[in-house]
Amino acid sequence: MSTTKTKGGEFLIKETNAQDIFIPEQWNEEQLMMKKTCDDFIDQEVLPILDRIDSQEVGLMPSLMEKAGELGLLGVSVPEALGGMGADFVTSMLTTEALGAGYSAAVAFSAHTGIGTLPILYYGNEEQKKKYIPKLASGEWKACYCLTEPSSGSDANSGKTTAKLTADGKHYILNGQKMWITNGGFADIFTVFAKIDDDKNLSAFIVEKEFGGISLNPEEHKMGIKGSSTRQVFFNECKVPVENLLSERENGFKIAVNILNIGRIKLAGAAIGGSKRAATQSIKYANERIQFERPISKYGAIRYKLAEQAIRIFASESATYRASQNMEDAIHELIAGGMEKAKATLKGIEQFAVEAAILKVHGSETLDYVADEGVQIYGGMGYSAEAPMDRIYRDSRINRIFEGTNEINRLLIVDMILKRAMKGELDLMGPAQKVANELVGIPEFSEPDDTLFAYEKKLIANFKKAILLTAGGAVQKLMTSLSKEQEVIMNIANMAIETYVAESTLLRVEKMVSMKGEASCEVQLAIARSYINSACDKIWIEGKEALNSFAEGDELRMMLIGLKRYTKQEPFNAKAARQTVAQALIAENKYCF
Amino acid sequence: MKILVPISNVPDTTSKISFANNDTEFNKSGITFILNPYDEWYALVRAMELKESGKAEKVTLIHVGLADSEPTIRKGFALGADDGVRIDGEGDAYFVAEQVSNYAKENGYDLIMAGKETINYNGSSVGALIAGFLDYPFVSLATKLDVEGTTATLEQDIDGGTQIVEAQLPLVISCAKGMAEQRIPNMKGIMAARTKPLTIVAAGQNNNFTNVKSFALSAGRTTCKMIDENNMDELVQLLHTEAKVI
């Protein structure tokens, strides 16, 4: 647990001590045993039947969920009193990671345990929790979440589904159409968002299939995750008892948003699990496939890909567990302050909503990169449906779309940061002013000392200045029209993503070195340096594009000089670093960090 | 019925094996240790099934080894064993069997279920030695086991078929494939594992009768040589000069 309190979004303006973050090298025996159980479940129960799952064999997915339920995999975050394991948040992230390698089954599990179960767990009253949670945790009941409608996707609060109170005041009558409902085909419990009368905001309802008035369209034909049930769900005079209103009237949108915060970091965790397995398959294939009398893993072009897959996975993982522990700490602090656990969990995670959005984007794009290069490493076989990369590639793609598209998440990153700054929760103005002063002042030419990590830390500190320079300039120049300049927001979001992930990777390796010594972390050092090197170039490009779009003349020139200064690095041999990483992967014949 | 399951701590099957100290010691560095699959999948899981069916009231794990093997004992707890004993020492099969027997003698078990062998040394002797020390009957390589009262009915594979044998408790058996199916420890079991009692017992006199002088890796499989199907002369030549089998 951290010794100093960290606030969400604060990474932009604050330096973090490596000892204050959690790193995956700290998993304890019990957590690793839980992960092994999830891994074994995927290996023994899911991977051997992927084709059957993808053909949507009737009853197969529900039975798989029941098996997962028997092992306790569906109730990891559920309190013991409600039939779950009561594991802490970070542990639940680890099991999410392991189960994330389960293709369509992973989607079914995460929809059930996440958006299916959590709204009731976190917003339900005692009766609702007692009635629904134990059966959801055991897998006896399967859950889905009905938010999206044909005309209401990213703009979730614009849904048209209605709820009308009956004359006797005992029921709500639901009417409307929902779409893209994961697990819709077999769900027993539907969390449905609808507007009561002429309300501005959504309300949420717990709807049992048994209530009647629910009909389903056939399964959607999808690009990937073909085994995951995805249906349109119609509510036609569906009679829901008033006691099944979840939380308060018009609180639905807040529920949806808060549950998505959790969903986003969980998606990052699941993507890491999928990425690690896909990387391992890439490495094994590269070691086996002989061309010109040598395994293709001997060739630099392939080694580049293997190394880059691993570098991005390691980086994404570093950031994900750093944020997970921050959330965990925030939850504990709120509980210690007297808040009830469910509320504290939501609040604690919400505090790190910026990081959750960053991780959602980075995790899903890492998985897509790993899948894409996996196909490439497999060559012709990568394009064959006989080999595993075909499914990995198709199944990966959805992750950039659901739980808020990556574009929506990028917008949110910047929007949330600016809102927090406006509210005074995040002191961006002071540091941004300092950077602005630095631009017109005499440049600071002091060199970092030559202690380990001093140079990289200086670079990270400069990345933050680059963001403050760009974002500060954008706010000043564009003012209220910034929210309409989505390209600029994307630029700033990308700078923030790269900075957070690069910093997390560096902190992890710094902590590793303090635990194991520099000599045994040689490869991880190469990973961190490699990531920071690429991040630096990306930050320059994103910043430059943004500045060029809204500033001009001398002012633009001055800002560009500043940006150049903040993204200046010493020559770095990225090829040699990637070779070091690739050689370790090839020797171990698997993703091994 | 009280069941005792002796377990071993062995390198994961995917481990890269190497030796230290002039090839006299197994190099443990970087090795992940696991619960010996034969002890886990066959002996312990069947013992748990007997407990779940009400035929056994308690399943105890026993392990002869050093403190670093305790995670393996807790893995056994996660699978459901009630408690465990670690005898603090290391040695050959005779030593291990003697320690286990001494403990079993003092604490009285009706059934001792060992795996048929370990996956590292494949000695297959501890079960039989325990039976010898305790003067109990021994059934080796059992593929099925059921118990009614004090009578155990077991199946063993024999050449071209199976034989069914009966033996009276107390009894020692070694368990082979078929005895039970592998189980994945569930989350509840894992969380319960940390609170289950693990007793540490000092090892008795060290009667090692064997000492390993050195280890060597086998040459391993060399690459496959492809010969044109029309070129029988080359095949004969290679079988004669390289493989030296004709």
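Predicted model: local features only at pLDDT ≥ 70, side-chain atom pairs only at ≥ 80, totals over all residues.
A residue counts as buried when its relative accessible area is under 20%. By that cut-off A:R508 is buried, because its relative accessible area is 1%.

A:R508 forms a salt bridge with A:E25, at 2.8 Å from N to O. A:R508 sits in helix α16 (residues 486–516) of chain A, while A:E25 belongs to the segment before α1 (29–46), so the pair ties together parts 483 residues apart in sequence. A:E25 is partly exposed, with a relative accessible area of 22%.

A second pair in chain A links a strand to a helix. A:E208 and A:K131 form a salt bridge, with their closest N and O atoms 2.9 Å apart. A:E208 lies in strand β5 (residues 203–208) and A:K131 in helix α7 (residues 126–138), so this bridge ties together parts 77 residues apart in sequence. A:E208 counts as buried at 11% relative accessibility. A:K131 is partly exposed at 43%.

B:E49 and B:R46 form a salt bridge, their closest N and O atoms 2.7 Å apart. Both lie in helix α1 (residues 37–52) of chain B, three residues apart, about one turn of the helix. An α-helix has 3.6 residues a turn, so residues three or four places apart point the same way. B:E49 is partly exposed at 24%, whereas B:R46 is buried at 13%. Back in chain A, salt bridges that share partners join A:E25, A:E97, A:K276, A:E317 and A:R508 into one network. The whole structure holds 53 salt bridges over all chains.

Now look at helix α11 (residues 353–378) of chain A. Its 26 residues span 37 Å from first C-alpha to last, close to the 38 Å expected. The helix α11(A) is mostly covered, with 23 of its 26 residues buried. A:G379 follows α11(A), and its phi is positive, near 60°.

Last comes the interface. Here 14 residues of chain B are in contact with 18 residues of chain A. About 1500 Å² is buried between the two chains, and carbon and sulfur atoms give 62% of that area. B:I184, B:M187 and B:M191 supply 46% of the area that chain B buries against chain A, more than any other three residues. The two chains share two salt bridges. One of them joins B:R74 to A:E29, with the closest N and O atoms 2.6 Å apart. On the chain B side, α2 (70–78) and α5 (187–193) are the elements that give two or more residues. By class, that side has seven nonpolar, two polar and five charged residues.

Notes: Residues numbered from 1 in each chain as written. Chains lettered and ligands numbered in written order. Heavy atoms only, no water. Contact = heavy atoms within 4.5 Å. Buried area = accessible area lost by both parts, 1.4 Å probe. Salt bridge = Lys/Arg side-chain N within 4 Å of Asp/Glu carboxyl O. Helix = DSSP H or I, 4+ residues; strand = E, 2+ residues; numbered from the N terminus. Nonpolar A, V, L, I, M, F, W, Y, C, P; charged D, E, K, R; others polar. Expected span 1.5 Å × (residues − 1). Buried < 20%, exposed > 50% of the residue type's maximum accessible area, 1.4 Å probe, protein only.
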